[in-house]
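This report describes selected features of one protein model.

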Amino acid sequence: MSSVIEYIPSSRLARLSAAEEAPGRAFAKVEVHRASAAIESDWAELEALAPVSVYQTRAFLLPWIETLGVVRKITPFFIAARDRQDRTVALLCLGLQRYRGFRVASFLGGKETNFNFGLFRPGTHFSVADVRALLNDAAAALGPEAPDIFVLKNQPFEWAGILNPLALLPHRASPSFAYATKLAADGDAFLATKLSKDTRKKLRKKESRLAEMDQLALISGEEPRFARKILDAFFAEKIRRCAEKSIATDFAAATMRAFFDRLSRERAASGKPWLELYGLSLGDRIIATYVGATHHGRFSAMVNSFDSDPSIAKSSPGDLLLMKLVAAQCAKGRASFDLGIGEARYKETYCDTAVPLFDIVLPLNAKGRILAVKQALGWRIKTTLKKHPRAFAMLRRIRHFVEHKESNAFVPPAPKVSPVASR
């Protein structure tokens, strides 16, 4: 089978349809590609031009497809819309997965992403009819392999001041917000606006207490000797922390480590590592970590960890590292910073913008409509229970028990991987 399917409505067999000839039509044709290589040059162009996050870049998604995507049996497909000049004006990186008998199309990157959306060429104006046609034409091109439903979650309404065209479709609010802020050139001045005088004093005392134990330093994966050491510490801390709380974790899987190892080998245009690894070291021991990446001047924190040893944890190593990380991003001239999805006190401390997100559930047939009803019910339950964290945690445990009742032991469900974890 060809790696690209072009869908042309029957009304275009001899000529362009009246709708496509009409002024304002955003694209002339829609293609569906099975392999990323077929659209990599277009992807690279839009990645540089379009307002996208680190989670829409090739550096993030290609390693994900080849590691976690394979294990989760997700079949990638890429929807490309071209205008009459044959320029790619839209690119959606999606994956098809079977879920309890349903064929579900979602954004690639799974639960490892914080923000999902397409790549749209700046200056191209999409109407709601254009966006509907983009998805419907792609489904028609896939024929028998078309999804029963599009489930496109955790999308920002805008990015870098540009409207997300998918927000034109019917949508609902995602259960959680993301958190972001603009940075300043002077890190100390920026921190002074975020942390009270009393808070800074307490953090200095905690820093001094740790420094009395051994040399305390901020280390970075830009130095090759530290890169693997930081990742090793991150995984060890995360797995140990989850074991202490009886929480199942994807971080214990070899494929998750392979994914992060792949990310750490990617290189930015500058030649430096694409994945930014930060650690707070106490002598030879790393007691806190942050992992993230930067695109278009915005640093996005992906995951973090801290040493749960009571003698260390009482000095808040995660808070100390975050303070140093933010100052380092200011010093590097980064324009903005985000801490991903999920409510947490420390996110509200550093980030003055709560980023609302939305979900699209678009059924394409009767089966899809059945799943859409189930999705709506699940969304209502999750949204309600998030107001009651203890009940929400209990529901997750019960659900996991039901799904794993035939296993040898009960292990609560895995937390969402991508957002920076609450301390």
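## Cavities

A cavity is a set of grid points where a 1.4 Å probe fits but cannot get out. The model examined here is predicted, and it holds two cavities of 30 Å³ or more.

The residues that line the largest cavity are Tyr55, Gln56, Leu61, Cys93, Phe107, Leu108, Asn116, Phe117 and Leu119. Sorted by class, this lining comprises seven nonpolar and two polar residues, and no charged residues.

## The helix α3

Helix α3 covers residues 58–71. It consists of 14 residues and spans 19 Å from its first C-alpha to its last, which is close to the 20 Å expected at 1.5 Å a residue. The helix also carries a kink of about 45 degrees, centred on Ile65.

Is α3 enclosed or exposed? Because 10 of its 14 residues are buried, α3 is largely enclosed by the rest of the structure. Here, buried means under 20% relative accessible area. The buried residues are Ala59, Phe60, Leu61, Leu62, Pro63, Trp64, Ile65, Thr67, Leu68 and Gly69.

## The ends of α3

Thr57 lies in the loop between α2 (40–49) and α3. With a relative accessible area of 1%, Thr57 is buried. Which residues does Thr57 contact, leaving aside its neighbours within four places in sequence? These contacts are Trp43, Glu47, Trp274 and His295.

After α3 comes Lys73, which has a positive phi near 60 degrees.

## Further residues with positive phi

Two further residues may be considered in turn. Asn154 is not a glycine, yet its phi is positive, at about 55 degrees. Asn154 belongs to strand β7, which comprises residues 149–156. Its relative accessible area is 16%, so Asn154 is buried.

Ser316, likewise not a glycine, has a positive phi of about 50 degrees. Ser316 is placed in the loop between α9 (310–313) and α10 (317–331). Because its relative accessible area is 14%, Ser316 is buried.

How values were computed:
Residues are numbered from 1 along each chain as its sequence is written. This is a predicted model: local features need pLDDT of at least 70, side-chain atom pairs count only at pLDDT 80 or more; totals for chains, interfaces and linings use all residues. Side-chain values use heavy atoms; hydrogens and water are left out. On a 1 Å grid over the protein atoms alone, a cavity is a set of points where a 1.4 Å probe fits but cannot get out, and a pocket is an open set with protein on both sides within 12 Å along at least five of seven lines; lining residues have an atom within 4 Å of a point. Grid points are joined across faces, edges and corners, and a volume is the space filled by probe spheres set on the points. Ala, Val, Leu, Ile, Met, Phe, Trp, Tyr, Cys and Pro count as nonpolar, Asp, Glu, Lys and Arg as charged, and the others, Gly among them, as polar. Helices (H or I, at least four residues) and strands (E, at least two) are DSSP runs, numbered from the N terminus. Buried means under 20% relative accessible area, exposed over 50%, partly exposed in between (1.4 Å probe, protein chains only). Contact means heavy atoms within 4.5 Å. The expected span of a helix is 1.5 Å times one less than its number of residues. The bend at a residue is the angle between axes fitted to the seven residues ending there and the seven starting there.
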